Amino acid sequence: MPAISFQSVSKTYASSRQQKTQGGNGLRALDDVSFDIEEGEFFGLLGPNGAGKTSLISILAGLSRPTAGRVNVRGYDVHTHYAQARRQLGIVPQELVFDPFFNVRETLRIQSGYFGIANNEAWIDELLQSLGLADKATANLRQLSGGMKRRVLVAQALVHKPPVIVLDEPTAGVDVELRQTLWQFVARLNKQGSTVLLTTHYLEEAEALCNRIAMLKKGQLIALNRTSELLKSAASNVLRFKTDGNLPWALAQHARITGRIVQLPARDAGEVEQLLASLREAGVAIEDVEMRKADLEDVFIDLMAGEQTPLEVAR
Ligand SMILES: Nc1ncnc2c1ncn2[C@@H]1O[C@H](COP(=O)(O)OP(=O)(O)OP(=O)(O)O)[C@@H](O)[C@H]1O
Ligand SMILES: [Mg+2]
């Protein structure tokens with residue numbers, strides 16, 4: 001039985017009155033999305049802003065109803081068996097929402113109470129310790145910094161030791177130290193058998209952590225594969241250099257440009273030579289030239305730029 005099963009999930013948000021008068025039919029945030037996540041996987045759900053990741057997670061959490069389709073968590077339908085499904089899930093939401101009147105420990109106790117768990121102190125202590133919150137246990141949530149609040153959200157999601165952990169952008173606005181602490185902790189829970197579903201815009205984190213990855217684009221599933229296979233599908237190398245010049249259009253189309261730094265995909269040495277020749281011909285002076293292996297970000301940019309047909313997932 002899969003840990004999570006999305007079956008032909010579609011979601012259309014009703015249009016606002018203004019959109020309706022302009023003839024809008026609502027926004028199709030998810031379009032017939034189907035895939036399974038197996039027990040024990042560390043699974044990445046990727047896609048640009050607005051692709052539908054949080055919409056899918058809200059449906060999984062039972063916070064929003066799909067327009068069509070169903071979602072099961074370890075065999076429990078999130079709609080018809082809400083309480084059982086919810087108990088399987090530890091969800092770290094993208095938005096920071098919390099009750100400012102309680103301190104950190106109280107918040108975790110209250111959350112334990114929601115799940116009917118008494119005497120959860122040992123696990124609460126371990127969570128506080130593992131997430132670097134031990135010295136903040138009696139601090140009021142109002143007094144915490146943004147990154148600290150996010151740690152509390154993570155602890156809150158895990159109080160009932162859920163077998164399935166869902167993290168929606170857990171490292172947005174989080175410093176390097178907490179990211180490392182968080183990933184060590186989540187990786188340990190995954191090793192111990194927890195299933196993890198992660199959305200992130202830090203693709204190097206997804207590449208390092210996830211065994212399998214799904215990509216959403218405008219509500220449609222356009223890629224679903226093992227991380228290693230996705231990496232193989234890209235041009236295998238990237239030519240990286242700095243320049244003040246303007247790239248010829250044919251090259252600019254495929255380039256990843258960050259300020260003066262330009263990165264161009266290349267399959268082999270022959271293609272690198274061609275790229276360099278085109279640059280010379282166009283009179284573009286380059287410096288600090290180097291080659292590197294393609295990474296998940298290259299694959300992502302490639303997939304998002306292309307014209308994809310949605311994946312037909314064999315069921
Ligand atoms: N409650 C809502 N009402 C109307 N439209 C919504 C609602 N929630 C999301 N949307 C729209 O649905 C689309 C998908 O949004 P969603 O939040 O799922 O994207 P996302 O992939 O999580 O993006 P991000 O990376 O920015 O978090 C967007 O166009 C968004 O504007
Ligand atoms: Mg989101």
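1. The centres of domain 1 and domain 2, taken over C-alpha atoms, are separated by 38 Å. Domain 1 covers residues 4-231, and domain 2 covers residues 235-293. The model under discussion is predicted, and the points below should be read accordingly.

2. Which residues surround ligand 1? The shell comprises Tyr-13, Leu-27, Ala-29, Gly-47, Asn-49, Gly-50, Ala-51, Gly-52, Lys-53, Thr-54, Ser-55 and Gln-94. Two or more of these residues come from each of the elements β2 (27-37) and α2 (53-60). Helix α2 supplies the largest share, namely three residues.

3. The composition of this shell may also be described by class. Around ligand 1 there are seven polar residues, four nonpolar residues and one charged residue.

4. Helix α4 spans residues 104-114. Its buried residues are Val-104, Thr-107 and Leu-108. When α4 is viewed down its axis, these buried residues fall within an arc of 95°, and therefore they line one face of the helix. They pack against α5 and α6. Just after α4, Gly-116 adopts a positive phi of about 70°.

5. Helix α5 is formed by residues 121-130, of which Ile-124, Leu-127, Leu-128 and Ser-130 are buried. Against which helices do the buried residues of α5 pack? The partners are α4, α6 (146-158) and α7 (176-191). Just after α5, a positive phi of about 65° is found at Gly-132.

6. Strand β11, residues 237-243, pairs with strand β13, residues 261-266, in the antiparallel sense over six bridges. Within this pairing, Phe-241 stands opposite Val-262 of β13.

7. Strand β11 also pairs with strand β14, residues 286-293; this pairing is antiparallel and extends over six bridges. Which residue in β14 is the bridge partner of Arg-240? That residue is Glu-290. Strand β11 accordingly has antiparallel pairings with β13 and with β14.

8. One is the shell around ligand 1, to which β2 and α2 each give two or more residues.

Conventions
Residues numbered from 1 in each chain as written. Chains lettered and ligands numbered in written order. Predicted model: local features only at pLDDT ≥ 70, side-chain atom pairs only at ≥ 80, totals over all residues. Near = placed C-beta within 6 Å. Helix = DSSP H or I, 4+ residues; strand = E, 2+ residues; numbered from the N terminus. Nonpolar A, V, L, I, M, F, W, Y, C, P; charged D, E, K, R; others polar. Buried ≥ 20, exposed ≤ 12 C-beta atoms within 10 Å, placed from the backbone. Contact = placed C-beta atoms within 7 Å. Arc of directions from axis to C-beta. Pairing = 2+ DSSP bridges. Domains from an automatic or database assignment.
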